[in-house]
Structures are given as structure tokens and as C-alpha cells.
Amino acid sequence: VTKSNNLVEARYHFSIWETRVFTKLVSLIQPTDKDLHNYRLHIKDLVQFFGLNDKDAYAKIKEVPENLLKKVVTIPYTNKEGEVRFLKTGLIAQATIPEKREGYIELAFHPTLKPYLLELQQTFLSYDIRNVLKISSVYSIRIYELLKQYEAIGIREFDLIELKQILGISEKYKLYGHFKDRIISKA
């Protein structure tokens with residue numbers, strides 16, 4: 001999985017199924033790709049890839065494309081004047097959803113994401129998707145990515161409000177103890 005640091009630090013909230021599908025989708029992008037394409041994900045392969053025994057996996061995965069079409073992400077970036085700005089964009093431009101049980105989903109990234117996914121030269125994150133296969137918490141996956149960015153440095157500090165914004169849970173876990181137990185300690 002390779003994506004720009006800005007996309008890693010984007011503000012959004014996904015379900016675990018949306019996270020898995022989006023992560024797998026990003027992993028299909030090749031370093032030599034010059035443009036974003038339609039990417040086909042076979043549902044039975046996704047279930048097998050993530051080692052899921054969920055009887056409702058097909059139904060849950062089938063809902064993901066429509067949910068991703070509705071998602072808006074807020075991506076931080078620095079303009080030419082050095083000011084931090086936020087770009088709001090969709091993730092997925094289009095989706096094909098099957099009717100048959102042994103089908104596939106086909107997704108196309110929103111064109112706005114091209115500079116955050118293709119021809120990355122600096123400030124990007126790369127990791128082996130197998131590192132997040134068995135993680136069942138959306139927040140644990142996001143925190144893994146945020147920490148993986150700073151692996152070489154060895155330490156990363158977050159402002160609590162900013163971390164909650166990145167995780168898309170600004171209004172949840174008002175008490176720090178709840179946030180620590182349900183998000184930080186779990187990750």
C-alpha cells in the first residue's frame with residue numbers, strides 16, 4: 001500500500017469493511033501507473049485475502065461501494081504561501097456492484113486523488129498490506145499508518161484534538177479515559 005502522507009493524515013471515518021476494501025484497492029495501484037483506472041475486486045477473493053469467516057461478508061462488502069461513493073475526505077495540504085489548507089473530495093468516482101453472490105465490485109478512484117496515489121516522489125507511506133490483514137479495528141489500522149510514517153524517526157506526538165479529527169471521531173469519547181481505552185490501548 002502506497003499513498004501520500006497527506007492522504008494518510010486526511011480526516012475521515014470508515015467502517016472496517018470500507019477500510020479493508022479501500023486499502024486493498026490502493027494496493028492494486030502499480031508504481032508504473034500514470035493514471036488511475038477501474039479496479040476490480042472479487043468478493044470471494046477479498047473474504048479469503050482478509051481471512052474472514054463472517055457469514056455476512058458478501059452482503060457487507062456489497063454495501064461498501066455505495067458507502068464509499070458517499071464519503072467525503074478532508075485532505076490537509078500546504079499552499080504556495082506555506083499555509084495549511086484543507087481539500088474536501090470524494091474517494092470513489094464510480095462503482096459497479098454485482099447482483100450475483102459470486103460477483104465482484106469494480107471501483108474507480110476520484111480523479112482528485114491522483115496526486116495522492118500516483119507518481120509519489122516524496123512524503124509518502126508504503127507498507128505491506130499483510131501487516132493489517134488481521135486487524136479488526138478501523139482505528140488501529142489508521143494509527144498503524146500514522147505511526148508507520150514516522151518509523152525511521154521512532155517517535156510521533158499528536159495533539160489529542162487533531163488525532164480525533166484525523167480518526168473522524170471529534171464528537172466521540174469526550175472523556176480521555178474512554179478514548180484511551182477504546183482507541184489508543186486497543187491499537
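A pocket, here, is an open set of grid points where a 1.4 Å probe fits, with protein on both sides within 12 Å along at least five of seven lines. Keep that in mind for the first two views of this predicted model.

**View 1. A look into the second largest pocket.** This pocket holds a volume of about 160 Å³. Its lining includes Ser4 and Asn6, along with Pro115, Tyr116 and a run from Leu118 to Thr123. Sort those lining residues by type and you get four nonpolar, five polar and one charged.

**View 2. Now the largest pocket.** Here the space comes to about 220 Å³. Thirteen residues line the largest pocket, and Thr2, Ile29, Gln30, Pro31 and Leu117 are the ones nearest its centre. The lining is made up of eight nonpolar residues, three polar and two charged.

**View 3. Inside the largest nonpolar core.** In soluble globular proteins, nonpolar side chains tend to be buried together. The largest such core in this model counts 54 residues, and Val21 and Phe109 have the most contacts inside it. Helix α2 (residues 16-27) is the top contributor, giving six residues to this core.

**View 4. Zooming in on Val21.** Leaving aside residues up to four places away in sequence, Val21 touches Leu41, Leu46, Ile61, Val64, Leu68, Ile105 and Leu107.

**View 5. The hairpin of β3 and β4.** Strands β3 (residues 72-78) and β4 (residues 84-90) run antiparallel and are joined by seven bridges. Follow Pro76 across to β4 and you'll find its bridge partner, Phe86. Five residues sit between the strands of this hairpin, where Gly82 takes a positive phi near 85°.

Definitions and conventions
Residues numbered from 1 in each chain as written. Predicted model: local features only at pLDDT ≥ 70, side-chain atom pairs only at ≥ 80, totals over all residues. Heavy atoms only, no water. Core = buried A, V, L, I, M, F, W, Y, C linked by side-chain atoms within 4.5 Å. Buried < 20%, exposed > 50% of the residue type's maximum accessible area, 1.4 Å probe, protein only. Helix = DSSP H or I, 4+ residues; strand = E, 2+ residues; numbered from the N terminus. Contact = heavy atoms within 4.5 Å. 1 Å grid on protein atoms, 1.4 Å probe; cavity = no way out; pocket = protein on both sides within 12 Å on 5 of 7 lines; lining within 4 Å. Points joined across faces, edges and corners; volume = space filled by probe spheres on them. Nonpolar A, V, L, I, M, F, W, Y, C, P; charged D, E, K, R; others polar. Pairing = 2+ DSSP bridges.
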